[in-house]
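Hello,

Here is the structure I promised to send over. Have a look at it first, and then read on for my notes on what turned up.

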Amino acid sequence: MATWQCVTGCGACCNLDPSDRPDLADYLTPEELDHYLSLVGEGGWCINFDHDTRKCRIYEQRPRFCRVTPQTFEQMYGVERAEFNNFAIECCQQQIAGVHGENSTEMEHYNREVGEGFDYRSAQGESGRGGE
Ligand code: SF4
Ligand code: SF4
């Protein structure tokens, strides 16, 4: 079974463009939604994202909606813990495809690191994009 992980040099989920995430209000509290929108900067990129290092400048203090854990995914998206890995991998792949491209080096890197042969389109327990 593939195990979710974040890979270095990606940063795709730090592009917060709300037009790419029409369901924000479904899984964020009103306060979180305000916070989320306050972070959106040029080109949809989070104002805390360092483009040179492709890392978060406030990593330890990042909001709940940036935390990819079984607990936050259960709380926000109703994803059962047994489904966490597949769901989180699918979220990453969809975000990477949208931001960097299906055939990008970032996608290639991600698939190599996460596990060869994992195909989010046919993953067991696929439950749809929920954002991250
Ligand atoms: S999309 Fe996934 S791999 Fe890329 S930065 Fe976000 S959590 Fe990490
Ligand atoms: S707060 Fe950090 S982890 Fe969250 S979107 Fe911004 S840069 Fe990314």
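Let me begin with a residue in a loop. With 14 C-beta neighbours inside 10 Å, Arg 54 counts as partly exposed, because that label covers the range between the exposed limit of 12 or fewer and the buried limit of 20 or more. You will find Arg 54 in the loop between strand S1 (49-50) and strand S2 (55-56). Its backbone deserves a glance too: Arg 54 is not a glycine, yet it has a positive phi of about 60°. For context, most residues other than glycine have a negative phi. Please keep in mind throughout that this is a predicted model.

Now for the overall picture. The protein has five helices and two strands, and along the sequence they follow the pattern α-α-β-β-α-α-α. There are 132 residues in the protein, of which 27% count as buried. Among contacts with a separation of 6 or more, 66% are between residues 24 or more positions apart.

Next, the two ligands. Around ligand 1 you will see Cys 6, Val 7, Cys 10, Gly 11, Ala 12, Cys 13, Val 68, Cys 92, Gln 95, Ile 96 and Tyr 110. By class, nine residues of the ligand 1 shell are nonpolar and two are polar, with no charged ones. Helix H4 (residues 84-99) supplies the largest share of that shell, three residues.

The shell of ligand 2 is made up of Cys 14, Leu 16, Leu 39, Cys 46, Asn 48, Phe 49, Cys 56, Ile 58, Arg 62 and Cys 66. Eight residues in the ligand 2 shell are nonpolar, one is polar and one is charged.

Back to H4, and how it packs against another helix. In general, two packed helices are described by the angle between their axes and the distance between the axes. The axes of H4 and helix H5 (residues 105-114) come within 9 Å and cross at roughly 165°. An angle over 145 degrees counts as roughly antiparallel, so H4 and H5 are roughly antiparallel to each other. The crossing of H4 past H5 is left-handed. On the H4 side, the contact involves Ile 89, Cys 92, Gln 93, Ile 96 and Ala 97, while H5 brings Glu 106, Met 107, Tyr 110 and Val 114. Sorted by class, this contact has seven nonpolar residues, one polar and one charged. Cys 92, Ile 96 and Tyr 110 belong to this helix contact and are also found around ligand 1.

Two further residues may interest you. Met 76 sits in helix H3 (residues 70-77). Met 76 is partly exposed, because 19 other C-beta atoms lie within 10 Å, and a residue needs 20 or more to be buried. Leaving aside residues up to four places away in sequence, Met 76 touches Tyr 27 and Phe 65. The C-alpha atoms of Met 76 and Phe 65 are separated by 8.0 Å, and the two residues are 11 apart along the chain.

Thr 3 lies in the segment before helix H1 (24-27). With 11 C-beta neighbours inside 10 Å, Thr 3 counts as exposed, since the limit for that is 12 or fewer. Although Thr 3 and Phe 84 are 81 residues apart along the chain, their C-alpha atoms are separated by 9.2 Å.

Definitions and conventions:
Residues numbered from 1 in each chain as written. Chains lettered and ligands numbered in written order. Predicted model: local features only at pLDDT ≥ 70, side-chain atom pairs only at ≥ 80, totals over all residues. Near = placed C-beta within 6 Å. Nonpolar A, V, L, I, M, F, W, Y, C, P; charged D, E, K, R; others polar. Helix = DSSP H or I, 4+ residues; strand = E, 2+ residues; numbered from the N terminus. Axes fitted to C-alpha atoms, helices over the stretch in contact; angles between N-to-C directions. Parallel < 35°, antiparallel > 145°, perpendicular 65-115°, else oblique. Left-handed = near helix turned anticlockwise from the far one by under 90°. Contact = placed C-beta atoms within 7 Å.
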